[in-house]
Amino acid sequence: MQAYQEKNMADLFMLALLVGFSLLLMGLLRLCAWLMEN
Amino acid sequence: MNSYGWLQFAFYIFFLLVLVKPLGLYMVRVYQGEKTFLTYAFEPVERMLYRLSGIKPDLEMDWKTYAVALLLFNLVGLLFLYLLLRLQNFLPLNPQGLAAVSPDLAFNTAVSFATNTNWQSYGGETTMSYLSQMLGLTVPNFLSAATGMAVLIALIRGIVRSTTDKLGNFWVDLTRSTLYILLPLALILAFILVSQGVVQTFQPYAVTRTLDQASGSATQIIPLGPVASQVAIKQLGTNGGGYFNVNSAHPFENPTPLSNFLEMLAILLIPAALTYTFGRMVGDTRQGWAIFAAMTLVLVAMAGLAIWAESQGNPAFASLGINQSSGNMEGKEVRIGVTNSALWATVTTAASNGSVNAMHDSFTPLGGLVPLWMMQLGEVVFGGVGSGMYGMLVFILVAVFVSGLMVGRTPEYLGKKIETYEMKMTALIILIPVLTVLFGTAIALLVPAGQAGIFNAGPQGFSEVLYAFSSAGNNNGSAFAGLSANNSFYNLALGVAMLIARYALIVPVLAIAGSLAHKKKIPVSAGTLPTHTPLFIGWLIGVIIIIGALSFLPALALGPIVQQLLLGSGRLF
């Protein structure tokens, strides 16, 4: 049961990492756009 | 190296040169929506795909919309691949009953294939089901390559167009790259590879009785699978992820001299042809040929160095009385030999391919330095499909800007002024991979989890780590071997490095495209620096080499350079 829960947590961590990185990229995109306008 | 070796090398460059124009011209037609000989067959499929996906092909995007579409598409692909690998034990086409891929390995692999890196912390035949290999890994091989090509085409449109914010439609560029370019080429190559003996089957692994019954292993399992279809696109799409653990050193993945030649040719085919596509689309083919010349000169010099270094043999073996007249054969397939191993190593790291037919860890220090540095140059010497060319265009902007500063001219390239904004983005594009590689290596060497994966002592061990991060941080994917990278630390660290190297560069590249598209075209004047001359080609090579040397020479000195010097005095690691 513990191993099962640990795996679930690992999955959540990996998925959060992917989504979090995508949000960071959106931030980079906003930064590039802001630099272009200013 | 004997004359046959040089002849093979010359043949390789000759065939590449011959194919650049026809394929380059074909790609121009595809991207400009003109009729080709495949339009009749694929246009209905293309239209059906747009209708099913609700895409309006005529609706053009600005750079931000283009980038968001690209990032979202890649994120969905990443999540899909991650889940597929995690659930492969419940899914069909798994005759060996392979278990689910662990979370950190699934993350690393999903990132690796979505980013066109194809770093492999796993051994294909012991980890991946047939479904994972085909749907999970082969599909991203196509789509990640098409993503790189789409970014390049958007950048070219940014250079060609003026006073607009429209760069084309990402979905159309992605679909056309896949349907009209990658798919037909991959089909042709896959059939040729099958004719050479590359396997393509859904049968379970074969079990055979060995001749050597006395050794205790009376049977041997021979892995099979749908190999040819994956190998074709892994080469053409500069992906590089092997079906089997030893990649193209495996006789079922690369069985004959012809398959070796064609697989090697396929690595550089599209990146080379894209130089012509570029020249044609900007209305001056000399510009494309100049870029092709710059890339070829660096490739030939580096391949020559690698082949020479490996031909010299290993002095440590020579001192044991082992004949080194065939060169350094450690870690190489006897049937492939020194020339084709060293040439492949250079070509696969010049392009962001990463497939191998010999183990780079066993190269002489100088021979191993070549693939390492080829990656560190930023994967612009042909580079990945699309990504190599847009990387090279970024270096051209630097070359134009610096030469403009030196002679007091306004920097311009193909009628577009190069200003502060482009240089800010260029600085980001060049520095991000350098920082990723150097910081990643430093962190891995500092933490116990990173040190635990190192196999050899001294500079060889250092090179193993530097190579891994150079490979991930430039989206190459080849491995030096020796490093035990399938653990949580390396899977996560290299995964993050691959993500940064791919997407944190694509965003500023598209931003440059958007910025250039906004600008007016200025006519050629006496003050315009010609960018197709031998002088500019030399200058461009100089800029690439100087930036590569400034960034990585200190690190290389700690690895292969000091090792080469110590090899002469008999010190081994």
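Student: Why is Phe480(B) called buried in this predicted model?

Tutor: Phe480(B) has a relative accessible area of 7%. Buried means under 20%, so Phe480(B) is buried.

Student: What makes Tyr467(B) count as buried?

Tutor: Its relative accessibility is 0%. The limit is under 20%, so Tyr467(B) counts as buried.

Student: Why is the pair of Tyr467(B) and Phe480(B) called stacked?

Tutor: The ring centres are 4.8 Å apart, and rings pair if their centres lie within 6.5 Å. The planes stand at 20°, and planes under 30 degrees apart count as stacked. The pair is therefore stacked.

Student: Where in the chain do Tyr467(B) and Phe480(B) lie?

Tutor: Tyr467(B) is in helix α17 (residues 458-472) of chain B, and Phe480(B) is in the loop between α17 and α18 of chain B. They are 13 residues apart.

Student: Ala481(B) lies in the loop between α17 and α18 of chain B. Why is Ala481(B) called partly exposed?

Tutor: Ala481(B) has 30% relative accessibility. Buried is under 20% and exposed is over 50%, with partly exposed in between, so Ala481(B) counts as partly exposed.

Student: What is noted about phi of Ala481(B)?

Tutor: Phi of Ala481(B) is near 70°, a positive value in a residue other than glycine. Most residues other than glycine have a negative phi.

Student: Which residue just after α8(B) takes a positive phi?

Tutor: Thr238(B), with a phi of about 45°. Thr238(B) is in the loop between α8 (228-236) and α9 (257-281) of chain B. Its relative accessible area is 0%, so Thr238(B) is buried.

Student: How do you know that α8(B) is mostly covered?

Tutor: Of its 9 residues, 8 are buried. Among them are Gln230(B), Lys234(B) and Gln235(B), as well as Val231(B), Ile233(B) and Leu236(B). The buried residues of α8(B) pack against α6 (130-160), α7, α9 and α12 (337-350) of chain B.

Student: What makes Phe42(B) and Tyr180(B) an edge-to-face pair?

Tutor: The rings are 5.9 Å apart centre to centre, with 85° between the planes. The distance is within 6.5 Å and the angle is over 60 degrees, so the pair counts as edge-to-face. Phe42(B) lies in helix α2 (residues 39-53) and Tyr180(B) in helix α7 (residues 170-196) of chain B, so the pair ties together parts that are 138 residues apart in sequence. Both residues are buried.

Student: Why is α15(B) called roughly antiparallel to α18(B)?

Tutor: The axes of helix α15 (residues 420-446) of chain B and α18(B) come within 9 Å and cross at roughly 175°. Angles over 145 degrees count as roughly antiparallel, so that term applies to α15(B) and α18(B). Residues of α15(B) including Met425(B), Ile429(B) and Ile432(B) meet residues of α18(B) including Ala497(B), Ile500(B) and Leu505(B).

Student: Which residues have the most contacts inside the largest nonpolar core?

Tutor: Ile270(B), Phe278(B), Leu393(B) and Tyr413(B), in a core of 186 residues. The largest share of this core, 18 residues, comes from helix α18 (residues 488-518) of chain B. Ile270(B) touches residues including Leu23(B), Met149(B), Leu236(B) and Val385(B).

How values were computed:
Residues numbered from 1 in each chain as written. Chains lettered and ligands numbered in written order. Predicted model: local features only at pLDDT ≥ 70, side-chain atom pairs only at ≥ 80, totals over all residues. Heavy atoms only, no water. Core = buried A, V, L, I, M, F, W, Y, C linked by side-chain atoms within 4.5 Å. Buried < 20%, exposed > 50% of the residue type's maximum accessible area, 1.4 Å probe, protein only. Helix = DSSP H or I, 4+ residues; strand = E, 2+ residues; numbered from the N terminus. Contact = heavy atoms within 4.5 Å. Phe/Tyr/Trp six-rings, centres within 6.5 Å; stacked < 30°, edge-to-face > 60°. Axes fitted to C-alpha atoms, helices over the stretch in contact; angles between N-to-C directions. Parallel < 35°, antiparallel > 145°, perpendicular 65-115°, else oblique. Lists of a residue's contacts leave out its neighbours within four places in sequence.
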